[in-house]
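Please look at the sequence and the structure below, and then read the short report that follows them.

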Amino acid sequence: MMQETMTFVEKVLSRCGGAAARAGQIVEVRPDFSYSHDYASFSIDAFHEMGARAVVNPERVCICLDHGVPANSAKDANHHKKVRNFAVDMGLARFYEAGTGIAHQVMLEQGWILPGALCVANDSHTCSGGGVGALALATGETEMGFLWATGRIWFKVPTTIRVELSGEFGAGVYAKDLMLYLIRELGVLGALYEFMEFHGPAAARLSVSERFTLCNMSAEVGAKGAVFPADEITRAYVGNRGRYGWEAVQPGPRAEYSRVLAVDLGAVPPMVTLPGMEDRGAPVDTVAGQPIDQVFIGSCTNARADDLAIVARILQGRRIDPKIRLLVVPASRDVLLQATQAGDMSAIIAAGATLMPSGCAVCAGGHQGVLADGERCLSTSNRNMPGRMGNKNAEILLCSPATAAASALEGCIADPRKYL
């Protein structure tokens, strides 16, 4: 009977902890899979400081370099070397070299993040894995070192918000617009340490890529994570990718939620988030014409093949405004290959875009595409606080790939609907 009242997160943490887990409790669990990126260097330090000599369950641990790739300095290169050596010495399941892509995307593509699995990584956007029905939770570098050393980690079980999606997107409106709309409504701490379950007839129609976008940016309302419980779309995507056995998890029919939010997709316009904070969203037609200097199409939020296809559709046969720098960073090498084979990348480059190696790039602000004082970047990424892209004296605005492409053509914020 208890299973009937459990949310998704309670069910998965119960399985991995071996005892019933309810909201508010502290539970120790054994994750099904963990992964890291460049910051594994700090986890390795913690691992050794604990006196550990071997990784527990190395066959369920991966590392993918993505934040500072290619290395921007000798310091970065030395961190990368340390990570490479650790992966070999510890016999980790896979090490993905710089250029393979963004870790969150690569782990999904490579079948490491699976429905019903508890997947842990030391990055706030680990929650992206909820797009395939996984419980994907973020932790810190020290905690990751402890997990590698012991096979265990603890979490406080979050309460859950149920989000009911209905209706259909209008022309020029995408999953990114929906999430920017939700963040504006909830506020940047509106779901602090809660979990979000997406349901409803509209949720059932969203692709895995769209679900990934929504789960990814649940971090921007302070949520611990988000999920689209597995369905036929999930199973079709996962197919035979799975690296280990998995079983889909559904919330109980009488699951206890902290609240229910209902959203009609038809009421969501194309959105732009203004500089300073992720909840400063505005309909694009209210800010159209505002100047920009750079457009970034990339990040774990919106740089998959379907995103690039939308961009190519708008840019096809056109040239970007000569005052604009358009930087395009596919989320992974596999995405780049798909976009190239589809002809989308040719259209994007012919329009005047600069193609950069797959990785976090501009989003992380460490190198590549850093802004000058007073410049403004319109970005498909997930964060826009001052300094996010490497310069506190510059400004970042967030939008969908469609709005980014239209704006690159006009040299200012532009409504994508006129191109669609």
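## Histidine 67 and its surroundings

The side chains of histidine 67 and aspartate 66 are joined by a polar contact of 2.7 Å, a polar contact being a pair of N or O atoms within 3.5 Å, where within protein one atom must be able to donate a hydrogen and the other to accept it, and where residues adjacent in sequence count only if both atoms are side-chain atoms. This is a predicted model, in which local features need pLDDT of at least 70 and side-chain atom pairs count only at pLDDT 80 or more, while totals for chains, interfaces and linings use all residues. Residues are numbered from 1 along each chain as its sequence is written, and side-chain values use heavy atoms, with hydrogens and water left out.

Histidine 67 sits in the loop between strand E3 (61–64) and H3; helices (H or I, at least four residues) and strands (E, at least two) are DSSP runs, numbered from the N terminus. Histidine 67 counts as buried because its relative accessibility is 15%, where buried means under 20% relative accessible area, exposed over 50% and partly exposed in between, with a 1.4 Å probe and protein chains only. Leaving out residues up to four places away in sequence, histidine 67 touches His37, Asp38, Tyr39, Asp123, Cys360, Ala361, Ala364 and His367, contact meaning heavy atoms within 4.5 Å.

Rolling a probe the size of a water molecule over the atoms shows where empty space is left. On a 1 Å grid over the protein atoms alone, a cavity is a set of points where a 1.4 Å probe fits but cannot get out, whereas a pocket is an open set with protein on both sides within 12 Å along at least five of seven lines, and lining residues have an atom within 4 Å of a point. Grid points are joined across faces, edges and corners, and a volume is the space filled by probe spheres set on the points.

The largest pocket has a volume of about 270 Å³ and is lined by 13 residues, with Asp38, Tyr39, His67, Gly68 and Asp76 nearest its centre. Helix H3 (residues 74–89) gives the most to this lining, namely four residues. A search of the whole structure finds one cavity of 30 Å³ or more, and the residues lining the largest cavity include Leu371, Gly387, Arg388 and Ile396.

## Helix H2

In helix H2 (residues 40–49), the buried residues include Ala40, Ser41, Ile44 and Phe47. Among the elements that cover the buried residues of H2 are strand E2 (33–36), E3, H3 and helix H5 (141–150). After H2 comes glycine 51, which has a positive phi near 85°.

## Arginine 304

Arginine 304 lies in the loop between strand E14 (294–297) and helix H10 (305–315). Although arginine 304 is buried, it has no salt bridge, and the nearest side chain of opposite charge, that of aspartate 307, is 4.4 Å away. A salt bridge is a side-chain nitrogen of Lys or Arg within 4 Å of a carboxyl oxygen of Asp or Glu; Lys and Arg count as positive and Asp and Glu as negative, while His and the chain ends are not counted.

The side chain of arginine 304 does make a polar contact with the side chain of glutamine 105 (3.4 Å), and a polar atom of the arginine 304 side chain lies 2.9 Å from the backbone oxygen of cysteine 300.
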